[in-house]
Amino acid sequence: EADERTARIEAALEELGDDVVVLGHNYQRREIVEHADFVGDSYQLSVEAAGSDAKYVVFGGVTFMAESADIITDDDQTVILPSMEASCPMAGMAEALQVDAAWAEITAAAPDADIVPITYMNSYADLKAFCADQGGLVCTSSNAHRAFEWAFERGDKVLFLPDKHLGENTTHRLGMEDRIAEWDPWDPEGKDPAEVAESDVILWEGYCQVHERFRVEHIEHVRTEYPDANVIVHPECRREVVEAADKAGSTAEICRTVEAADPGDTWAIGTEIHLTNHLQRWHPEVNVVPLCGEACMDCNAMRQIDPNYLAWVLEELVEGRERNVIEVAPEEKDLAKVALDRMLEV
Ligand code: 13P
Ligand code: SF4
């Protein structure tokens, strides 16, 4: 069955030729990644999407990534997501309307402050547009610290959305950890105007359900099992996990670290399990081990992109039918592009 599906995908890709480019996020399963023209993290894929002139961009990733591809590509290019169910739960934790209401409360609590909103790439286009409109920008885990620096050159406070862990880890990296306040829109007591007025970095209460599952005990356990192990974790992990690791780095940084390792080195990887599996395959000379068991690190949003759906959307394109098109509303597109362009500049 798998062979037959692979043959179908290859035949459709051959038929479509240069009309289609397939992008595969590092967290996609092997059966998707092996059909991708480009594999990378969300930042690298947005650069690839921007540079491609293919008529169809088929995105192996989640909704917010496909939206960003639609924003960045030309109007005559069509972005297709093989499953409309592939939505990152973290992106859903900061809805634009809810952020708009919070913005009113926060700016009222700190009326003399110049607050710059930064949203992580893992957010929907309307929130990216909101951030641009308020003088802010987008970042990914590879450039969050540069986005903070950009913001502090223009304002005196940052509101960071939606990932509190990436926000906290970035604030530590910049040596500003004693200036953090949290904003929990779901908890009336988690929104303290006095704290906000005192602090310089306001962190929204959002998190990645995959990376948040890593614990310090996982690191202790892997070090017992592999005494020579080096540990690298994604900055969406909790602060104490980042502190206990040898290194924290974005998806691209994790890939670079394993690429640069000496043969025989052991690296324990604290991120989504599919990337760890790919790294094991791509670098057999390095001992790449997952930081905790498989079930613990599987992103069910990424997993929605089933190879059968990839075969289906491609075959439909061959027949002239565009399925699962991701199209950002025109009124949001231009502003969201401003926020993404500011990121590409920093
Ligand atoms: P990257 O920005 O590192 O690609 O991460 C995307 C993501 O979903 C992380 O959980
Ligand atoms: Fe979202 Fe986390 Fe999955 Fe990334 S790994 S898509 S942040 S849930």
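This is a predicted model: local features need pLDDT of at least 70, side-chain atom pairs count only at pLDDT 80 or more; totals for chains, interfaces and linings use all residues.
## The surroundings of ligand 1

Ligand 1 is surrounded by Asp41, Ser42, Tyr43, Met121, Asn122, Thr140, Ser141, Cys208, Glu236, Ser250 and Thr251. When these residues are sorted by class, the shell divides into 3 nonpolar, 6 polar and 2 charged residues. An unreviewed UniProt entry lists a "binding site" at His25, Ser42, Tyr120, Met121, Asn122, Ser141, His234, Pro235, Glu236 and Thr251.

Two serines of this shell, Ser42 and Ser141, can be followed in some detail. Ser42 is found in helix 3, which covers residues 42-51, and it counts as buried because 25 other C-beta atoms lie within 10 Å, where 20 or more are needed. Apart from its neighbours within four places in sequence, Ser42 is in contact with His25, Met65, Met121 and Thr140.

Ser141, by contrast, lies in a loop, the one between strand 6 (137-139) and helix 7 (144-154). Ser141 is buried, with 27 other C-beta atoms within 10 Å. Once its neighbours within four places in sequence are left aside, its contacts are Leu166, His234, Pro235, Glu236, Ser250 and Thr251.

Cys88 belongs to the loop between strand 4 (78-80) and helix 5 (96-109), and Cys88 counts as buried because it has 24 C-beta neighbours inside 10 Å. Beyond its neighbours within four places in sequence, Cys88 is in contact with Val62, Phe64, Asn122 and Ala301. Cys299 also sits in a loop, placed between strand 13 and helix 14 (307-318), and Cys299 is buried, with 23 other C-beta atoms within 10 Å. With its neighbours within four places in sequence set aside, Cys299 is in contact with Tyr27, Val210 and Glu272.

## The nonpolar core

In soluble globular proteins, nonpolar side chains tend to be buried together. In this model, the largest nonpolar core has 111 residues, and those with the most contacts inside it are Phe59, Ile118 and Ile202. Phe59, leaving aside its neighbours within four places in sequence, is in contact with Leu23, Met65, Ala66, Ala69, Val79, Ile80 and Leu81.

An open sheet is formed by 4 strands in the order 11-10-12-13, and their pairing is parallel. Strand 11 (247-248) and strand 13 (287-290) are the edge strands, each of which pairs on one side only. Strand 12, made of residues 266-270, pairs with strand 13 in the parallel sense over 4 bridges, and Ile269 has Pro290 in strand 13 as its bridge partner.

Helix 13 covers residues 273-282, and its buried residues include Ile273, His274, Leu275, Thr276, His278 and Leu279. The elements that cover the buried residues of helix 13 include helix 2 (30-33), helix 12 (251-260), strand 12 and strand 13.

Definitions and conventions. Residues are numbered from 1 along each chain as its sequence is written. Chains are lettered from A and ligands numbered from 1 in the order in which they are written. UniProt positions are given in the numbering used here, feature names are shortened, and annotations may be inferred rather than shown by experiment. Helices (H or I, at least four residues) and strands (E, at least two) are DSSP runs, numbered from the N terminus. A residue is buried if 20 or more other C-beta atoms lie within 10 Å of its own, exposed if 12 or fewer, and partly exposed in between; C-beta atoms are placed from the backbone. Two residues are in contact if their C-beta atoms, placed from the backbone, lie within 7 Å. A nonpolar core is a set of buried Ala, Val, Leu, Ile, Met, Phe, Trp, Tyr and Cys residues joined through C-beta atoms within 7 Å. Two strands pair if DSSP finds at least two bridges between them. A residue is near a molecule or strand if its C-beta atom, placed from the backbone, lies within 6 Å of it. Ala, Val, Leu, Ile, Met, Phe, Trp, Tyr, Cys and Pro count as nonpolar, Asp, Glu, Lys and Arg as charged, and the others, Gly among them, as polar.
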